[in-house]
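Dear colleague,

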Amino acid sequence: MAGKGTPATALLQKRKVAHTVHTYDHDPRAESFGLEAVEALGLEPGRVFKTLVADVDGKLVVGVVPVTGQLDLKALAAAAGGKKAKMADPAAAQRATGYVLGGISPLGHRSRLPVVLDGSALNFPTMFCSGGRRGLEVELDPAELVELTGAVVAGIAAG
């Protein structure tokens, strides 16, 4: 991993958070980055989370939900203390986080963004989320993710 760290992995190391980095060869033809990680790493789908950026009343908010579900925008807006949410413009999401689509991590954003984690993550001793680029997953205790990001935990997944 020398020279291949990301702001997310750097933050985990700096804060001395126990985590495991998992890498796989990303297929540019993959339609779902999260499901690609599930297959490539042989993981239980409910433990792998995708990071989505939404616009809640004009402010960017990060939603972290299982790759098997969808982000419930109404629930995200409520959890973030807003009224209305829509998916963020992809370019704005990339600018604010410093990551490319498909590699957005809930950790180490360029601009500090509010994070809402789906409560199902707390059902597992560890969860997987993007480490900051396609083909890089980080496994960590969901409570550590909450602490590092100041995340609100709420039911924001649908499906």
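Strand S1 (residues 19-23) is joined to S8 by 5 bridges, and the two run antiparallel; strands are DSSP runs of type E of at least two residues, and helices are runs of H or I of at least four, numbered from the N terminus. Two strands count as paired if DSSP finds at least two bridges between them. The model is predicted: local features need pLDDT of at least 70 and side-chain atom pairs pLDDT 80 or more, while totals for chains, interfaces and linings use all residues. Residues are numbered from 1 along each chain as its sequence is written, and side-chain values use heavy atoms, without hydrogens and water.

S7 and S8 form a hairpin with 2 residues between them, and Gly135 in the turn has a positive phi of about 90°.

Because 5 of the 5 residues of S8 (residues 136-140) are buried, the strand is largely enclosed by the rest of the structure; buried means under 20% relative accessible area, with a 1.4 Å probe and protein chains only. Leu136, Val138 and Leu140 are buried on one side, and Glu137 and Glu139 on the other.

S2 (49-56) is among the elements that give two or more residues to the lining of the largest pocket, as are S7 and S8. The largest share, 5 residues, comes from S2.

Note on methods:
Buried < 20%, exposed > 50% of the residue type's maximum accessible area, 1.4 Å probe, protein only.
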